[in-house]
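Colleague: I have the entry open and would like to go through its architecture with you. Could we begin with the helices and sheets and then turn to confidence?

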Amino acid sequence: MRYPSRGRMRKTLWRDYAFSPEEHERDLLAILEEVEALAEVGRSSVDRILRRHPKNGSSIFSRSELIAGYRYLSERYAWPSERDRVIETLRMKPVRSLSGVTPVTILTKPFPCPGKCIFCPSDVRMPKSYLSREPGAQRAGMHGFDPYDQTLARLEALYRIGHPVDKIELIVLGGTWSFYDESYQIWFLKRTFDALNDFARGARDGRRGRTLSRDPAAFELEGSGNEVDGHLGGNPYNRIVSELASQNDSGDETAPWSELARVQRDNERAGARAVGLSLETRPDYVTESEATRLRRLGATKIQIGYQSLSDDVLALNERGHDVAASRKATKLLRQAGFKIQAHWMANLYGSSPERDAEDYARLFDDPDFRPDELKLYPCSLIESAGIMAHYEAGRYRPYEEAELLELLLTCLTTTPVYCRLSRVIRDIPGDDIVAGSRVTNFRAVAEAEMKRRDLASRDIRAREIRGEAVSPDTLRLAVARYRSSIGVEAFIQAVTPDDRLAGFIRLSLPELPAYLEELEASALIREVHVYGAAVGIGERDETKAQHLGLGQRLLEHAACLARDAGFARMAVIASVGTREYYRRRGFTDGVLYQHRVL
Ligand code: SF4
């Protein structure tokens, strides 16, 4: 299969816009020239240029029209790829692709969840725990939760607003992944990869999956509304979505393993490659065989809900598993080389700000946990969640904003260097919150307060260089070692003179026998990450860390450390889209991992 060039991708895609750039060529050329010549880039300076060159003499060109226009003109006049920088100036929400890859988040269909957690919203239009007013969930609902449509629409939207779309981190959200039928899981991912493979070819697949919410009328639930009252006892959410699922089951949401393997092989050289795949599940669903199966599906990262590390809090919130289950799951996932993104909640029923601070400290003090990434969710009080009964009875209260702020400051300032604090609040629309903080930019509020008090975060997110230019000669490698439940973890960092992070590798040096035969006596690379705004595969921008050979330098250092620790082999948990990268660096394909003899 021939790898589609960026030019080819442009050719197939700009034609999809309803907007016709050829009709506005003169204005577009003038605008792009002026934007390129800007000495100082800012929204206001671009806006001034746009006002000088109105569309059809009156209205203003949108950013996506300008980007479409740039792509059209670039193809027409065969502009060199260096000029693509103008897209960065025009790009909206640049932060999305600044960590090196562009995330695409899609949701599974509404489906029963084995959990009965009292803090969890129940909206039968959505997979468990999501609310139909949340923006990502809304998008998924609009596409009937069809994985192909969701992925394709997201890729098109991201491309239109100027993001590179050749390195994609797929993030699958919704309920408990491991509880969905295996045939649905395989089909869901197969269709997601179909969309990635079709996207850069400009192909469209007319077949659409039929999921239960495709017919919105199915959700007009007589009398009850769509948000099920979770505190009435029983599990009405599961009952209703099961009924709807059986009514809507067309039998076509199924695919064999061989089909998934085929589309994943195709994706190795596709124009939009999956360089990461994240799935979410519960600790008590992680067993050796489940971890192996998740790997076979292509997962590289598992989102796992700890929620609390206190057994009494878990029990009071009817979580359905204890802390020991989270210990065991973390160990099994780490042994299989997954990147572990834990979810932890503050302000659960039975906790307090003081207890939360102690619980948070346990996440990193105890070697059995020490997650690689963390989503920190203070509990939001939602009408459809069971915790409402405790609130109404006066047994539960949401924290005051000042209490929450102090707690978040503790969390932000104590998270260690090897962990990325991906979230500090869930983006729940204010209208859905019954009581408590409605501030969705709490992270920004906390960061401003940290600045005022002269405090600093050291976690990955606070230190990553994002899209900044770096000089390769100034980078030095620093290793943070820490113990885990399976041995030693080496977090190898490429840091700038002012201690910013340009890239890193997570290397596990296990001391326990592996349960996956393929990983026996092997050091294990769980993640390679090099920052710099995501640059298209095949494009070079020498100022971006991703193209400074930094990945190679980090890999060689990891190999040295593994050798020094007595390992003769090193394995990597590669995603489908990075298999080629590792092959070029001396790794050979195994069954679920790639391997290099040291
Ligand atoms: S397991 Fe997750 S999705 Fe299921 S009820 Fe609990 S919190 Fe909600």
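Colleague: Which strands does helix H19 lie across?

Modeller: This is a predicted model. Helix H19, residues 550–564, lies across S8, S9, S10, S11, S12 and S14. Its direction runs at about 25° to S10.

Colleague: What is the strand order of the sheet that holds S8 and S13?

Modeller: That open sheet has 7 strands in the order S8-S9-S10-S11-S12-S14-S13, and its pairing is mixed. Strand S8 (476–484) and S13 are the edge strands, each pairing on one side only.

Colleague: How do S12 and S14 pair, in the parallel or the antiparallel sense?

Modeller: Strand S12 (residues 569–572) and strand S14 (residues 594–597) are antiparallel, with 4 bridges between them. Val 572, for instance, has Gln 594 of S14 as its bridge partner.

Colleague: And over how many bridges do S13 and S14 pair?

Modeller: Strand S13 (residues 588–589) pairs with S14 over 2 bridges, in the antiparallel sense. Asp 589 is bridged to Gln 594 of S14, and Thr 588 has His 595 of S14 as its partner. The two strands form a hairpin, with 4 residues between them.

Colleague: Which strands of this sheet does helix H13 lie across?

Modeller: H13 lies across S8, strand S9 (487–495), strand S10 (501–510) and strand S11 (522–530). It runs at about 90° to S11.

Colleague: Over how many bridges do S2 and S3 pair?

Modeller: Strand S2 (residues 167–173) and strand S3 (residues 273–281) pair over 5 bridges, in the parallel sense. Within this pair, Glu 169 stands opposite Gly 276 in S3.

Colleague: Now the helix pairs. At what angle do H16 and H17 pack?

Modeller: Helix H16 (residues 401–414) packs against helix H17 (residues 442–453) at about 75°, and their axes are 10 Å apart. The two helices are therefore roughly perpendicular to each other. On the H16 side, the contact includes Leu 404, Leu 405, Leu 408, Leu 409 and Leu 412. On the H17 side, Phe 442, Val 445, Ala 446 and Met 450 are among the residues in contact.

Colleague: How many charged residues does that contact have?

Modeller: The contact of H16 with H17 has 5 charged residues, together with 9 nonpolar and 1 polar. Among the charged ones are Glu 401 and Glu 406 of H16, and Arg 443 and Arg 453 of H17.

Colleague: At roughly what angle do H2 and H4 cross?

Modeller: The axes of helix H2 (residues 25–36) and helix H4 (residues 63–76) cross at roughly 100° and come within 10 Å. That makes H2 roughly perpendicular to H4. Leu 28, Leu 29, Ile 31 and Leu 32 are among the H2 residues that meet H4, whose side includes Leu 66, Tyr 70, Tyr 72 and Leu 73. By class, the contact divides into 8 nonpolar, 1 polar and 3 charged residues.

Colleague: Which residues are around the ligand?

Modeller: They are Cys 113, Gly 115, Cys 117, Phe 119, Cys 120, Lys 128, Ser 129, Gly 175, Thr 176, Arg 282 and Arg 319. This shell divides into 4 nonpolar, 4 polar and 3 charged residues.

Colleague: Finally, confidence. What is the mean pLDDT of the chain, and where does pLDDT stay under 50?

Modeller: The mean pLDDT of the protein chain is 85, and 85% of its residues reach 70 or more. It stays under 50 over residues 208–224, a stretch with 37 contacts beyond four places in sequence in the model. Residues 533–540 also stay under 50, with 28 such contacts. Where pLDDT is low, the predicted coordinates should not be read in detail.

Notes
Residues numbered from 1 in each chain as written. Predicted model: local features only at pLDDT ≥ 70, side-chain atom pairs only at ≥ 80, totals over all residues. Heavy atoms only, no water. Axes fitted to C-alpha atoms, helices over the stretch in contact; angles between N-to-C directions. Parallel < 35°, antiparallel > 145°, perpendicular 65-115°, else oblique. Contact = heavy atoms within 4.5 Å. Pairing = 2+ DSSP bridges. Near = heavy atom within 4 Å. pLDDT = per-residue confidence, 0-100.
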